[in-house]
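Hi everyone, thanks for making time this morning. I'd like to walk you through a complex, so let me put it up on the screen.

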Amino acid sequence: MRKVLFATCLGAMATFAGAAAANDELSKMSQDPKGWVMPAGSYDNQRYSKLKQINAANVGKLQVAWTFSTGVLRGHEGGPLIVGNTMYVHTPFPNKVYALDLSDENKIVWKYEPKQDPNVIPVMCCDTVNRGVAYGDGKIFLHQADTTLVALDAKTGKAEWTTKNGDPDKGATGTSAPLVVKDKVLIGISGGEFGVQCHVTAYDLKSGKQVWRAFSEGPDDQIMVDPEKTTVLGKPVGKDSSLKTWQGDQWKIGGGCTWGWMAYDPGLNLVYYGSGNPSTWNPKQRPGDNKWSMTIFARDADTGVAKWVYQMTPHDEWDYDGVNEMILSDQQVGGAARKLLTHFDRNGLGYTLDRATGELLVAEKYDPKVNWTSGVDMDKNSPTYGRPKVLDQYSTDKQGEDHNNKGICPAALGTKDEQPAAYSPETQLFYVPTNHVCMDYEPFKVSYTAGQPYVGATLSMYPPPGESNMGNFIAWDGKTGKIAWSNKEQFSVWSGALATAGGVVFYGTLEGYLKAVDAKTGKELYKFKTPSGIIGNVTTYEHGGKQYVAVLSGVGGWAGIGLAAGLTDPTAGLGAVGGYAALSNYTALGGNLTVFALPQ
Amino acid sequence: MHKIWLVAATMALVASGGTVFADGAVDPTAIKSEDGKYLDKEGSPTFKVASDGTVDWYTYSGYRRYHSECHVCHGPDGMGSTYAPALKDSLKTMSYPDFLGAVASGRKNVSSSQENVMPAFGDNPNVACYMDDLYVYLRARASDAVGRVRPAKHEDKPPAAQQAEDSCMGKR
């Protein structure tokens with residue numbers, strides 16, 4: 001039935017080929033809680049489902065309904081899409097896609113495996129992860145490791161068009177999930193550790209032709225800002241806003257990569273995303289604010305031109321990428337209804353802005369251990385309005401090259417990395433998977449070679465002094481910038497959260513547990529150990545009148561680098577305990593999808 | 001250019017001393033020092049750790065370079081990751097020439113069940129100019145002469161090391 005309706009829809013769309021039609025189709029589909037048609041479930045990135053068959057009272061009885069092995073070993077980020085009767089499951093390199101028939105024993109309807117040059121593997125900074133596929137216009141969009149964007153027929157898996165988004169020989173790779181908006185598919189690019197000048201690019205849904213490309217740094221036409229109309233904290237950015245903040249041509253290898261989860265507000269027609277670290281990690285080598293790295297962008301979905309920007313960490317000194325997801329919500333602030341954007345940055349600050357204007361409302365630490373800054377200047381009349389105050393002691397620029405800066409919190413992993421948070425409109429709380437890790441950071445001089453790592457810093461990471469847990473799962477009030485509750489986790493929580501109308505919040509752990517907690521209190525209600533550590537995102541859907549919860553396990557990613565070996569143990573030889581224990585004692589590699597449901 | 005030089009050097013070494021190094025179990029004890037670089041009885045670079053924990057310059061420099069260029073795959077302190085081997089173990093059996101060859105030319109281990117690829121670093125001055133530093137540090141890790149910590153004290157940077165760095169990295 002759904003299928004038939006669906007085909008009709010597609011037919012109609014093909015006839016009109018209207019931008020609005022594609023938008024409407026996907027928007028409408030995303031409002032049906034039975035499916036999960038885009039990476040974050042909906043354009044607002046809330047990762048919230050209205051399904052409530054599974055609730056706080058019965059989630060303790062959850063059972064495994066079925067499982068699926070992806071046949072790939074390395075880190076599995078992202079999660080499956082559920083479109084009608086079909087589930088689409090993706091893998092890390094070689095970037096396989098499986099279409100599974102939920103109505104027929106979860107059989108494989110089709111499988112797609114691109115041919116890629118394995119030389120792209122070592123150009124990927126942190127494992128060969130891929131954060132999932134996108135759906136739109138009857139097609140599945142896959143962003144391959146080698147930056148190829150391919151449109152597959154959702155019914156047959158046949159490639160309809162392909163386009164290349166970057167050059168892996170220069171260190172550009174594809175890891176992020178695409179986002180379909182109207183008649184376009186948007187993708188970012190990775191390569192901040194290789195000096196890539198990163199961008200977000202919009203391709204035509206039907207033909208794969210490039211429509212617009214907006215770089216994170218460079219001349220005004222390349223970064224697609226209007227010097228008079230694009231604003232930063234309410235004021236025009238002015239001419240050459242990026243060029244002025246780099247020495248010479250350094251912006252050409254400036255990084256600012258765009259591999260996080262994008263959001264879209266159909267009412268404002270704005271797309272939101274963050275840019276990553278400026279290259280290199282040695283701040284001494286790139287004087288200036290390095291705009292617009294570490295920036296929240298709001299861009300017009302049709303033209304790509306920026307409406308507003310806000311740089312969170314000017315002149316990064318710690319690799320605090322600004323790529324993390326932007327979560328859109330409508331809440332009351334100070335008695336007025338506001339359209340909000342909330343963002344949990346790698347730098348340890350949780351930001352809430354007005355998403356229409358870019359006005360900064362809240363910037364507070366979401367881990368009390370964050371120490372590199374004493375906070376953001378919120379005084380609108382101050383010359384440093386909106387800037388974080390950096391403590392000299394933790395400034396790797398002030399301390400200079402070849403100086404080992406000790407005890408900086410958070411570590412380069414950030415208080416949170418790409419693992420997306422969730423938001424429940426019912427509790428009005430954000431549910432945030434976090435890292436609780438500090439570091440020593442020593443920058444030194446490096447030289448740039450195209451296609452080679454361009455790092456320039458030595459790091460060691462460890463839990464905050466006196467603590468043994470390397471992660472927390474927290475509930476956050478974005479209006480006030482306060483932690484409502486916080487659960488300790490032995491390892492970083494590197495799994496995307498899911499909030500549901502059943503009053504239950506789900507997330508995965510690096511040991512491999514899928515956990516369900518009470519949305520109000522954080523009380524643990526259920527856990528089950530899946531075959532491998534979880535760095536994927538939890539998804540829910542309904543099929544045949546039954547609610548399911550699905551998650552990819554398969555340990556790896558950046559979490560697999562430091563944690564597989566155990567982090568540096570300052571008490572080595574004195575007996576390592578608890579939190580210092582290596583992840584390899586808990587789990588091993590292997591990609592698996594585990595799907596849960598209540599018993600019959 | 002770097003790459004050519006290195007591979008040629010590697011081949012020469014393999015030709016002259018390949019059989020000696022084949023079992024990889026060469027005693028890492030330093031028997032002499034040339035301009036601040038310590039050498040084992042075969043003439044390969046090695047580490048020197050004094051009784052008070054002071055390490056030679058190359059061990060310290062290798063620690064830094066390793067944690068910039070190598071650790072994103074091979075894990076902190078040479079401990080390995082979910083997708084790249086622990087070099088503190090590999091260096092127990094890997095000879096100096098094999099090490100130079102692998103770093104300069106890269107490695108590929110692609111099969112139906114795994115895809116492990118190491119890039120060629122021969123053209124990357126941040127690595128190629130510090131081959132001996134990396135080797136000496138990892139050899140110290142493989143021999144348990146240096147633990148999972150940043151070396152607390154180190155010998156001064158030898159002028160020869162500075163000269164080699166300057167000429168290899170180009171102008172500073």
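Look just past helix H4 of chain B: there you find B:Gly106, with a positive phi of about 85 degrees. This is a predicted model, by the way, so please read every value I mention as computed. Now step back into the helix itself, residues 96-105 of chain B. Is H4(B) mostly covered or mostly open? Mostly covered: seven of its 10 residues are buried. Those are B:Tyr96, B:Pro97, B:Phe99, B:Leu100, B:Gly101, B:Val103 and B:Ala104.

Let's zoom out to chain B as a whole. We have seven helices and five strands, and along the sequence they come in the pattern α-β-β-β-α-α-α-β-β-α-α-α. The chain has 172 residues, and 47% of them count as buried. If you take the contacts in chain B with a separation of 6 or more, 63% of them link residues 24 or more positions apart.

How confident is the predictor here? Mean pLDDT for chain B is 84, with 84% of its residues reaching 70 or more. Among the elements of this chain, helix H1, residues 2-21, has the lowest mean at 39, while H6(B) has the highest at 97. Over residues 1-22 of chain B, pLDDT stays under 50; the model has 28 contacts beyond four places in sequence for that stretch. For the complex, the predictor gives an ipTM of 0.76 and a pTM of 0.91.

Helix H6, residues 131-142 of chain B, packs with H2(B) at an angle of about 100 degrees, and their axes are 7 Å apart. The two helices are therefore roughly perpendicular to each other. From H2(B), the residues involved include B:Tyr58, B:Tyr63 and B:Tyr66; on the H6(B) side, B:Leu134, B:Val136 and B:Leu138 are among them. Sorted by class, the residues of this contact are eight nonpolar, three polar and three charged.

Now, how does chain B meet chain A? The contact takes 30 residues from chain B and 40 residues from chain A. On the chain B side, at least two residues each come from helix H2 (57-74), strand E4 (107-110), strand E5 (115-118) and helix H5 (125-128). Which of the elements gives the most? That is H2(B), with five residues. By class, this side of chain B has 11 nonpolar, 11 polar and eight charged residues.

Let me finish over in chain A, with its strands. One open sheet has four strands in the order E29-E30-E33-E34, with antiparallel pairing. Strands E29 (422-424) and E34 (482-489) of chain A stand at the edges with a single partner strand each, so one side of each is left without a neighbour in the sheet. On average, neighbouring strands of this sheet are turned by 20 degrees against each other, ignoring direction. E34(A) is joined to strand E33 of chain A, residues 471-477, by seven bridges, and the two run antiparallel. In that pairing, A:Ile474 has A:Ser486 in E34(A) as its bridge partner.

Last stop: strands E6 (residues 97-101) and E7 (residues 107-112) of chain A, which run antiparallel and are joined by five bridges. A:Tyr98 has A:Lys111 in E7(A) as its bridge partner. E6(A) and E7(A) form a hairpin with five residues between them, and A:Glu105 in the turn has a positive phi of about 55 degrees.

That's my tour, and I'm happy to take questions!

Key
Residues are numbered from 1 along each chain as its sequence is written. Chains are lettered from A and ligands numbered from 1 in the order in which they are written. This is a predicted model: local features need pLDDT of at least 70, side-chain atom pairs count only at pLDDT 80 or more; totals for chains, interfaces and linings use all residues. Two residues are in contact if their C-beta atoms, placed from the backbone, lie within 7 Å. Ala, Val, Leu, Ile, Met, Phe, Trp, Tyr, Cys and Pro count as nonpolar, Asp, Glu, Lys and Arg as charged, and the others, Gly among them, as polar. Axes are lines fitted to C-alpha atoms, for helices over the stretch in contact, and angles run from 0 to 180 degrees between N-to-C directions. Angles under 35 degrees count as roughly parallel, over 145 as roughly antiparallel, 65 to 115 as roughly perpendicular and the rest as oblique. Two strands pair if DSSP finds at least two bridges between them. pLDDT is the predictor's confidence in each residue, from 0 to 100. A residue is buried if 20 or more other C-beta atoms lie within 10 Å of its own, exposed if 12 or fewer, and partly exposed in between; C-beta atoms are placed from the backbone.
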